[in-house]
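Colleague: I'm new to this one and would like to learn how to read it. Could you take me through it step by step?

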Amino acid sequence: MPCPTRAAEPRVATVDWSVLETLLALGIAPVAAPELRQFREIAVEPAVPSVVTDLGLRGTVNFELLLLCRPELIYSSSFYVSSEPRLTRIAPVERFSIYVPGRPPYEPAAAMMRSIGARLGRSSEAERYIVETEAEFALLRERLKPYAARPMIPINLGDARHFRVFGADSMFGEVLKRLGLANAWTEATSYSAMAPVGIEALARIPEAWIGLIPPVPPGALEVLAGSTFWNALPSVRAGRLLQLASINPFGGLPAARRFARLLTEALLTERGHG
Amino acid sequence: MAEAVLPMRRQFHHQTAIWLAAIFAAAALFAAVVMTRPSLTDPAELARMLESALLWHSLVPRSVTALICGAALGLAGLLLQRVLRNPIADASTLGVVSGAQLALTIATAFAPAAIAVSRDGVALAGAIGAVALVLGLSWRRGLEPLTVVLSGMVVALLAAAMSATVILAKGEYMLSLFIWGAGSLSQQSWDAALSLGPRLLLGWLAAGLLLRPLALLGLDDGTARSLGLALHSARIAVLGIAIWLAASVTAEVGVIGFVGLAAPALAREAGARTPHQLLLAAPVVGALLLSITDSAVQLLGSGLNDLAPTGAATALFGGPLLLWLMRRVPPTPPAQTVDAMAPTNRISRPLPALIALAAMIAIVGILGLVLGRGPQGWGLATGDLFTELLPFRGPRLVAAGAAGALLGAAGCLMQRLTANPLAGPEVLGVSAGGGVGLTLALILLPFSPFSMLAGITGGSLTVLLVMLALAARPGIGAQRLLLAGIAMGALCMALVSTALSRGDLRAYVLLTWLSGSTNRAGEIEVWIGLLGCLVLLAPLFLATRWLDLMPLGEATSRSLGLSIAGSRLTLATVAALATAVASLLIGPLSLIGLIAPHLARLAGFARSRDQLAASILTGCGVMIVADWLARLVAFPYQVPTGLFAALIGGPYLIWLLNRTGSRHA
């Protein structure tokens with residue numbers, strides 16, 4: 001049952017979430033992508049049309065189903081190298097490496113969008129998206145000028161005692177830089193994030209904003225609310241704790257924009273309260 | 001008289017010196033932690049306030065928590081060892097920890113409300129369930145020490161498989177579960193200390209009240225009963241206290257292995273003899289042990305980050321310690337275990353039966369290739385569709401089947417070698433060693449399928465060589481070799497769980513391997529599997545005489561003119577290599593190596609040659625079915641094959657052991 005497609009636009013599939021985001025942002029619905037249930041919960045946007053087939057877990061993509069979706073091109077990423085011998089049997093594979101230890105991921109993400117745009121005949125859309133992204137960052141940067149004095153630490157709570165931190169080679173770190181905010185975590189991280197770090201490490205950055213990125217483990221915030229140490233942290237005492245909505249930490253440009261937007265909204269509302 | 005007192009007094013002084021040295025070391029290390037904590041460079045006022053908050057709400061409660069947890073685990077270990085008369089009983093070897101972990105994992109993923117209501121309650125329920133299962137498994141065998149620990153191992157593996165399945169399905173809470181699984185002691189409040197302290201005191205007082213029964217529990221059942229002791233209620237009370245303490249610690253700070261094992265043993269080494277002395281000494285030793293370990297990981301880390309979670313660090317010394325303690329385990333007479341391995345009803349003509357088995361597997365295999373699910377639902381793949389799907393369904397079927405065959409053979413070999421029906425390749429520690437190799441490869445080498453392969457093979461081989469060196473040592477005996485395998489496995493899994501607690505994408509790769517997915521199997525995996533079968537399994541049939549004689553015990557075999565050391569070394573090498581290849585294909589957690597030989601025996605294949613062939617075929621067949629089901633039950637989401645096999649096999653094994661147990665009771 002081959003679906004009618006435009007000649008310029010081959011049937012694409014992807015096994016990577018950052019590619020999925022990028023495709024959707026360019027207005028292309030891939031025939032198949034992995035773990036859509038979690039994607040809708042964690043990455044949230046762009047919305048995934050119901051025509052996209054769910055390929056199962058990212059770690060164990062259902063190759064049979066992918067084959068039956070009859071893609072003509074499969075986008076992969078450096079995380080799925082070990083799947084590529086299987087993927088190439090289904091359709092030609094193109095791989096992107098956005099997340100490499102020690103390298104900031106923003107430029108590679110933009111390059112990926114350009115490359116996908118060129119390959120699928122959406123070059124102008126890709127350029128427009130990148131320009132829009134830059135413009136949005138410039139705008140947000142202006143609005144955030146009053147906040148630039150303080151650094152920000154984006155974290156994932158592991159439990160009530162530990163967190164995962166995102167460093168300079170993470171997308172969150174990149175966005176902070178582009179928004180003119182300093183990342184309060186200056187130590188090295190590998191593969192974007194470092195965990196587990198004890199909560200007490202937050203005492204070393206008393207001046208920082210804390211950006212809390214979901215998922216928050218059940219009960220963790222309740223335990224923290226009753227913790228003397230947590231409440232003694234200057235950031236917490238002064239209400240510099242931002243609870244953001246869910247964002248994919250290993251995303252592409254759309255995730256970067258989502259983080260920038262949510263962060264700005266949270267900072268501005270926080271100021272409104274104070 | 002005076003001559004006798006003098007050395008005793010000297011010994012007493014010697015022991016006092018050891019105690020003082022240990023206490024001094026713990027105190028000095030804690031002082032070093034306080035001294036070396038990074039100073040804050042902020043406005044002086046703020047910095048002073050924060051530093052005092054850090055000291056009084058993080059460092060001090062952490063060290064107090066370490067002391068309390070260590071004491072509680074030491075006490076729990078002592079009670080368990082006493083009540084089960086088992087020198088290697090401990091909360092981790094009995095499955096308390098894994099049971100609690102599984103319960104907390106399930107609750108975190110599916111019923112967060114239950115965690116919010118009572119974290120401890122959830123953990124305790126899981127712990128009690130696991131211990132009940134372990135004791136139930138070994139009840140018929142009179143709670144014989146090694147059987148208890150091996151049953152604990154099976155239950156722990158099963159619980160780990162189920163936990164990993166849940167974690168894979170609910171990826172968003174992965175980090176919290178991993179941190180907890182590696183057991184970190186870092187604190188920012190007195191909560192843990194305040195909740196565990198009274199429990200420790202209560203448990204300790206209750207244990208003190210049970211001191212007389214506790215002393216008598218060291219005697220055998222007959223003597224204890226004739227002294228008028230309500231044996232069972234005393235046992236259950238002591239057991240209850242121990243499980244409650246261990247489960248509370250596990251719920252509060254996570255998995256901390258081996259302290260319960262080490263503390264009573266070291267207390268005995270330091271001269272504690274009577275129950276009175278031990279009841280005092282074991283908690284103190286446990287407290288010091290955990291405190292020293294915890295200070296060490298803080299000192300060796302950078303800034304405020306620990307080098308490794310404390311729970312993983314305790315396993316680093318716990319594994320070797322278990323090896324050292326082995327010499328205390330009384331060897332079990334092989335005759336008792338051989339009995340349990342006797343076939344139920346022999347098949348008179350094994351060859352036609354084996355052929356029938358092979359034919360059945362062929363039919364199942366073909367069905368697995370043809371029947372599947374697609375976007376339009378269930379369907380039989382024929383013609384073009386079949387040839388299209390074959391490159392995907394074929395390799396994973398072959399990989400799963402080959403891994404099953406290899407594990408079946410490895411299990412059969414190990415059960416014959418050790419004369420123990422609970423021996424299995426997972427027990428050897430070789431598959432876990434592959435995990436350490438993979439971890440190192442992920443850290444050190446560029447990410448590629450070949451570096452993963454090299455890592456797993458390197459790790460498996462290293463552990464294998466260590467095990468062989470141990471096996472070659474005179475007087476180690478088959479049972480101790482098995483224990484060495486458990487210790488090695490625990491050590492390796494602690495290292496893997498440290499890597500998992502980093503929660504990055506490498507952790508995800510490790511988790512995928514742990515779960516044992518055949519999804520990516522391709523030509524390379526097919527060739528590895530087939531070559532492994534050909535090279536490792538075919539020559540085994542030339543060595544069946546060894547296998548026939550092996551379970552008769554060393555004395556009998558030697559009197560029949562069999563070179564024990566040589567044949568055992570050869571068979572152990574084959575078993576370990578087969579395990580390594582299989583773990584590469586389907587991960588380390590499937591229990592197929594344990595189950596296949598039992599199935600073969602139950603079907604009536606008695607002679608070792610027939611049992612070996614039947615084990616190989618059964619392992620192959622069960623894995624093919626497991627793979628097929630794993631592909632289809634949650635379509636398009638796939639359950640990892642290794643996990644699925646463990647989930648099929650584990651409960652079956654438990655049922656099987658109870659059945660055989662009752663027959664021989």
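This is a predicted model: local features need pLDDT of at least 70, side-chain atom pairs count only at pLDDT 80 or more; totals for chains, interfaces and linings use all residues.

Colleague: How many helices and strands does chain A have?

Modeller: Helices (H or I, at least four residues) and strands (E, at least two) are DSSP runs, numbered from the N terminus. Chain A has 11 helices and 10 strands. Chain B, in turn, comes to 28 helices and 2 strands.

Colleague: What is the radius of gyration of chain A, and what does the globule rule give?

Modeller: That radius is taken over C-alpha atoms, and the globule rule is 2.2 Å times the number of residues to the power 0.38. For the 274 residues of chain A the rule gives 19 Å and the model has 20 Å, so chain A is as compact as a globular protein of that length. Its C-alpha atoms fill a box of roughly 60 × 35 × 30 Å along the principal axes.

Colleague: And what share of each chain is buried?

Modeller: Buried means 20 or more other C-beta atoms within 10 Å of a residue's own, exposed means 12 or fewer, and partly exposed is in between, with C-beta atoms placed from the backbone. By that count 53% of the residues of chain A are buried, and for the 665 residues of chain B the share is 56%.

Colleague: Which domains does chain A have?

Modeller: The bounds come from an automatic or database domain assignment. For chain A that assignment gives domain 1 (1-97) and domain 2 (134-273). The centres of these two domains of chain A, taken over C-alpha atoms, are 30 Å apart. As for touching, two residues are in contact if their C-beta atoms, placed from the backbone, lie within 7 Å. On that basis 11 residues of domain 1 of chain A meet 10 residues of domain 2 of chain A.

Colleague: Which element gives the most to the domain 1 side?

Modeller: Helix 1 of chain A does, with 5 residues.

Colleague: How do I read strand pairing?

Modeller: Two strands pair if DSSP finds at least two bridges between them. Take strand 4 (residues 73-77) of chain A, where 4 of 5 residues are buried. Strand 1 (residues 12-14) of chain A runs parallel to strand 4 of chain A, joined by 3 bridges, and A:V12 stands opposite A:L73. Strand 4 of chain A also pairs in the parallel sense with strand 5 (residues 93-96) of chain A, over 4 bridges. There, A:S76 has A:R95 as its bridge partner.

Colleague: How do I check the length of a helix?

Modeller: The expected span is 1.5 Å times one less than its number of residues. Helix 5 (residues 119-139) of chain B has 21 residues and should span 30 Å; its end C-alpha atoms are 30 Å apart, which agrees. Helix 27 (residues 608-632) of chain B, with 25 residues, reaches 36 Å, close to the 36 Å expected. Of the residues in helix 27 of chain B, 22 of 25 are buried.

Colleague: Is A:I116 buried or exposed?

Modeller: A:I116 counts as buried because it has 26 C-beta neighbours inside 10 Å. It lies in helix 5 (residues 106-119) of chain A. Leaving out residues up to four places away in sequence, A:I116 touches A:T22, A:L23, A:L26 and A:A126. By contrast, B:A469 is exposed, with 9 other C-beta atoms within 10 Å, and sits in helix 19 (residues 449-472) of chain B.

Definitions and conventions: Residues are numbered from 1 along each chain as its sequence is written. Chains are lettered from A and ligands numbered from 1 in the order in which they are written.
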